[in-house]
Amino acid sequence: LEDLQDTFDFCFKVHYLPGEDRTSDPQYAQQVQALQAKLQILDRQRREVLAQMQQLLGRSETLQDFLQQELGAWRERQQRACLGATVDTRLRLLETWFTELGQGLFQLLQLLRALGDLRQKVTYERDPLKAETPLLEQRLRELLIYLLQRAFVVEQQPSMPNACKRPLVLRTASKFSVRARLLVCLHDRNHRMEAKIHIDRSGPPGFRKFNILTSNSKTLLAGDSPQDGLICDFQYL
């Protein structure tokens with residue numbers, strides 16, 4: 001698409017001379033017709049690219065719905081595990097799926113920005129990039145926000161250091177820990193991601209009070225191996 005656009009732009013600047021009356025020149029008329037044909041091809045290619053992106057966003061929405069179902073099933077298994085059931089609560093597969101979808105959406109965002117750059121160089125009346133690109137970007141950003149918000153999960157529910165204690169069984173005046181994980185595993189050394197823990201203190205009178213003994217924010221770090229995602233441990237609650 002970029003090569004096609006550069007060719008049209010070059011021919012337009014070389015052959016089309018606005019303000020000059022050359023209607024009687026048959027060679028110039030042929031050049032203008034050739035330019036119109038190139039513009040029609042360019043317009044058709046732009047519309048095809050936008051249609052493909054629309055299709056990919058539709059598939060991404062469908063895939064995201066499936067991922068939410070899988071995540072809901074994992075949460076149910078985690079609840080049963082907290083009650084003592086022997087179930088698989090590993091997140092590696094979910095993390096792989098969430099990461100793949102996240103990478104695909106970020107790649108589409110880069111493509112949309114590239115299309116915006118092309119439009120800055122060459123545009124025309126009824127340019128589909130001018131009308132459709134902002135709507136596509138808004139839809140894509142909404143998909144990304146939805147995915148990232150739901151990709152942040154509590155991997156290990158509150159538990160005490162004593163191995164005999166089940167998760168969510170907490171003693172008064174005793175420390176417990178929590179682990180959170182971001183299932184979209186996109187490592188970027190130039191940007192630090194932080195997770196903040198918040199304790200709701202609006203409970204009824206006599207409600208148990210919880211405290212944070214250290215900082216209420218943690219930096220998300222890579223796990224023990226390069227394949228592990230971004231995790232943060234709150235160990236002194």
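Reply: Start with D117. Its relative accessibility is 47%, so D117 counts as partly exposed. Keep in mind that this is a predicted model. D117 sits in helix 3, which runs over residues 92–121.

Helix 1, residues 2–15, is the biggest contributor, with 3 residues. Helix 3 is where D117 comes from.

There is a nonpolar surface patch too. L1, L4 and I41 make it, and its area is about 190 Å². I41 belongs to helix 2, residues 26–82. I41 counts as partly exposed because its relative accessibility is 34%.

Now go from patches to pairs. Side chains of opposite charge can pair when their charged atoms come close. How many salt bridges does the structure hold? The count is 9.

Take R46 and D127. They form a salt bridge, with the closest N and O atoms 2.9 Å apart. This pair links distant parts of the chain: R46 is in helix 2, D127 is in the loop between helix 3 and helix 4 (128–150), and 81 residues separate them. Are these two side chains buried or exposed? R46 has a relative accessible area of 0%, so R46 is buried. D127 has 3% relative accessibility, so D127 counts as buried as well. The cut-off behind both calls is under 20% relative accessible area.

For R181, the call follows from the number: the relative accessible area is 8%, so R181 is buried.

The other partner is E155. E155 is in strand 1 and R181 is in strand 2, so the pair ties together parts 26 residues apart in sequence. E95, E155 and R181 are linked in a network of salt bridges.

Finish with the rings. A pair of aromatic rings is described by the distance of the centres and the angle of the planes. Searching the whole structure turns up 2 aromatic pairs. One of them is F176 with F210: the ring centres are 5.9 Å apart and the planes are at 90 degrees, so the pair is edge-to-face. F176 lies in the loop between strand 1 (152–159) and strand 2 (177–182), while F210 lies in the loop between strand 3 (194–196) and strand 4 (217–219), so the pair ties together parts 34 residues apart in sequence. F210 counts as partly exposed because its value is 30%.

Conventions: Residues numbered from 1 in each chain as written. Predicted model: local features only at pLDDT ≥ 70, side-chain atom pairs only at ≥ 80, totals over all residues. Heavy atoms only, no water. Helix = DSSP H or I, 4+ residues; strand = E, 2+ residues; numbered from the N terminus. Buried < 20%, exposed > 50% of the residue type's maximum accessible area, 1.4 Å probe, protein only. Phe/Tyr/Trp six-rings, centres within 6.5 Å; stacked < 30°, edge-to-face > 60°. Patch = residues over 30% accessible without salt bridge, like charges linked within 9 Å, V, L, I, M, F, W, Y side chains within 5 Å. Areas by Shrake-Rupley, 256 points an atom, 1.4 Å probe, with all protein chains shown as cover. Salt bridge = Lys/Arg side-chain N within 4 Å of Asp/Glu carboxyl O.
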